[in-house]
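Let's take a walk through this protein, one stop at a time. Keep the picture open as you read.

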Amino acid sequence: MKNNRLAAVGFVWAFAAIPRPGPTKDHYERRRALGDRHAAALRHLFNRFLGQLWHCLQTRQTYNETKAWNSVLTTPEPNAA
């Protein structure tokens with residue numbers, strides 16, 4: 001069972017983040033290139049955001065974009081067919 005309010009906010013949060021160039025847009029575009037539909041790519045992006053927020057709250061650290069998106073920044077692009 002999901003929290004509908006959290007899901008709605010997450011969709012808007014992820015949707016608002018993808019027009020801005022950077023690792024969030026790169027992550028969204030990578031998910032799309034791997035075959036995810038728009039809603040699935042947004043959902044995956046939101047899950048990533050929640051994981052990053054949870055990490056910051058648990059470790060009492062401030063958000064650091066470089067650390068949070070390190071795997072996206074260092075992972076090579078999928079091969080285009």
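**A pocket, a salt bridge and a threonine**

The largest pocket has a volume of about 190 Å³. This is a predicted model, where local features need pLDDT of at least 70, side-chain atom pairs count only at pLDDT 80 or more, and totals for chains, interfaces and linings use all residues. Residues are numbered from 1 along each chain as its sequence is written, and side-chain values use heavy atoms, leaving out hydrogens and water.

So what lines that pocket? Two elements give two or more residues each: helix H1 (4-17) and helix H3 (38-59). A helix here is a DSSP run of H or I with at least four residues, numbered from the N terminus. H3 gives the most, with five residues.

Next, look for the salt bridge (a side-chain nitrogen of Lys or Arg within 4 Å of a carboxyl oxygen of Asp or Glu). The count comes to one: Asp36 pairs with Arg31, and their closest N and O atoms are 2.8 Å apart. Asp36 is buried at 17% relative accessible area, while Arg31 is partly exposed at 21%. Buried means under 20%, exposed over 50%, and partly exposed in between, using a 1.4 Å probe and protein chains only.

Last stop: Thr24, in helix H2 (residues 23-33). Thr24 counts as buried because its relative accessibility is 5%. Leaving aside residues up to four places away in sequence, Thr24 touches Ala17, Leu45, Phe49 and Trp69, with contact meaning heavy atoms within 4.5 Å.

Key. 1 Å grid on protein atoms, 1.4 Å probe; cavity = no way out; pocket = protein on both sides within 12 Å on 5 of 7 lines; lining within 4 Å. Points joined across faces, edges and corners; volume = space filled by probe spheres on them.
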